[in-house]
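These are my notebook entries on a single chain, written down in the order in which I looked things up.

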Amino acid sequence: MKRIQKMRKERNLSLRQLGALCDPPVCASYICYAEHGLVLGNGQAGRIADALGWVGDPSELFEEVPDVEDR
């Protein structure tokens, strides 16, 4: 599971809700693509990182992390 998806689910956000929290908004389909392997540009990744409260490098959102169910 990508970190972006894990963080979104931990916050109980839909793809559309997360996209709407971005400034300016990011299309839900781009977020879905990112969760499944497409790396977004720095602008979109930065806006998503801000919306999620991520303080690290936005590219780290696309790294694989253990799923809670995998533990």
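Ground rules. I am working with a predicted model, in which local features need pLDDT of at least 70 and side-chain atom pairs count only at pLDDT 80 or more, while totals for chains, interfaces and linings use all residues. I number residues from 1 along each chain as its sequence is written, and side-chain values use heavy atoms, with hydrogens and water left out.

Fold. Read from the N terminus on, the order of elements is α-α-α-α.

Dimensions. I then compared the radius of gyration, taken over C-alpha atoms, with the globule rule of 2.2 Å times the number of residues to the power 0.38. For 71 residues the rule puts a compact globule near 11 Å, and the chain, at 11 Å, agrees with that. The C-alpha trace spans about 35 × 20 × 20 Å along its principal axes.

Contacts. Taking a contact as heavy atoms within 4.5 Å, I noted that, of the contacts between residues at least 6 apart in sequence, 55% join residues at least 24 apart.

The accessible surface (Shrake-Rupley, 1.4 Å probe) comes to about 4400 Å², and carbon and sulfur atoms hold 50% of it. Buried residues (under 20% relative accessible area, against over 50% for exposed and in between for partly exposed, with a 1.4 Å probe and protein chains only) make up 37% of the 71 residues.

Cysteines. I searched the whole structure for disulfides, meaning pairs of cysteine sulfur atoms within 2.5 Å, and the search gave zero. Cys 22 is in no disulfide, and its nearest cysteine sulfur, on Cys 27, is 11 Å away; Cys 22 is buried, at 4% relative accessible area. Cys 32 is likewise in no disulfide, with the sulfur of Cys 27 as its nearest at 9.9 Å, but Cys 32 is partly exposed, at 27%.

Val 65. Which residues does Val 65 touch, not counting those up to four places away in sequence? I find Met 1, Lys 2, Arg 3 and Lys 6. Val 65 lies in the segment after helix 4 (42–52) and counts as buried at 13% relative accessibility. I also noted that the C-alpha atoms of Val 65 and Ile 4 are separated by 9.4 Å, although the two are 61 residues apart along the chain.

Conventions:
Helix = DSSP H or I, 4+ residues; strand = E, 2+ residues; numbered from the N terminus.
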